[in-house]
Amino acid sequence: MIDPERPRDLGALLRDSFTVYLRHFPTFLALGALVVVPADVIVSGVGLEQLSARYDATPSVAEVAIPAAVAYLVVAPLVTAICVHALLSVAGGGSPGTRAAIVKGFEAFTPIFFAVLLAALGIALGLVLLIVPGIYLFVRWYFVPQAVVLEGARETGALRASGRLVEGAWWRTSGMVLLVNVLAVIVATFLGAPFTAIADSTDRAVWALSGQIVAGVVTQPFAALFATLLYFDLRERKRAAHAG
């Protein structure tokens, strides 16, 4: 059993995230696949015609931006919502509670989507203006999904809740966010490399899409678990600071 509601340093965050993820690896893969597979097939496979297109090693801006936007607005928030409930179930001494986690995750998706959409618009504006404000806001609003699921926050309230959590700990949070995203990119690149090689040799984009799906299924749940434990870590540190 794991207690999510306690402070953790970086080593403990990584260790406990890996412990929960690997102990219930098939379940978290299934949870990731439930969201990643249909999203990627619909958006990239059908919408961008990668199920039937020839492989392009230099995709257009739209072919990169559209899947990235869907990943940020839909895939990551929904996987996070589901994994939050799975983590709470594990913390209670049970299994990830797949069915209940899925139902509760999907129930929370609508308010999460609108809150994340507001965050995305603010981040995009910050990036367009001076880049640095966009990076600052990305970290400040990183915990919007957790704020919706665990605090019942809505829309701008979720942005404020995430901002309050990160306040005073932006540099520490940004370092951890950077680390987990770099790890995800490394793993995704490693997993996708064989598929990319096949796509290149056969000139079929569907193989690159398959690699993209496998990478997302593997990395998204772990990133969600890490972010949620980091959320609890920041919350407990805030409480301790206020109590002191």
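Reader: In this predicted model, which residue forms a salt bridge with Arg6?

Author: Side chains of opposite charge can pair when their charged atoms come close. The closest N and O atoms of the pair are 3.3 Å apart, and the residue that forms the salt bridge with Arg6 is Asp16.

Reader: How many salt bridges does the structure hold?

Author: The pair of Arg6 and Asp16 is a salt bridge. For the structure, the number of salt bridges is nine.

Reader: Is helix 5 roughly parallel or roughly perpendicular to helix 8?

Author: The axes of helix 5 (residues 132–140) and helix 8 (residues 170–202) come within 10 Å and cross at roughly 85°. Because angles of 65 to 115 degrees count as roughly perpendicular, helix 5 is, relative to helix 8, roughly perpendicular.

Reader: Which residues in helix 8 do the residues of helix 5 meet?

Author: The residues of this contact divide into six nonpolar, two polar and one charged. From helix 5 come Ile135, Tyr136, Phe138, Val139 and Arg140, and in helix 8 they meet Trp170, Thr173, Ser174 and Val177.

Reader: What accessible area do Leu125, Leu129 and Leu130 have together?

Author: Leu125 lies in helix 4 (residues 98–129). With Leu129 and Leu130, Leu125 forms a nonpolar patch on the surface, and their accessible area together is about 350 Å².

Technical notes:
Residues numbered from 1 in each chain as written. Predicted model: local features only at pLDDT ≥ 70, side-chain atom pairs only at ≥ 80, totals over all residues. Heavy atoms only, no water. Patch = residues over 30% accessible without salt bridge, like charges linked within 9 Å, V, L, I, M, F, W, Y side chains within 5 Å. Areas by Shrake-Rupley, 256 points an atom, 1.4 Å probe, with all protein chains shown as cover. Salt bridge = Lys/Arg side-chain N within 4 Å of Asp/Glu carboxyl O. Helix = DSSP H or I, 4+ residues; strand = E, 2+ residues; numbered from the N terminus. Axes fitted to C-alpha atoms, helices over the stretch in contact; angles between N-to-C directions. Parallel < 35°, antiparallel > 145°, perpendicular 65-115°, else oblique. Contact = heavy atoms within 4.5 Å. Nonpolar A, V, L, I, M, F, W, Y, C, P; charged D, E, K, R; others polar.
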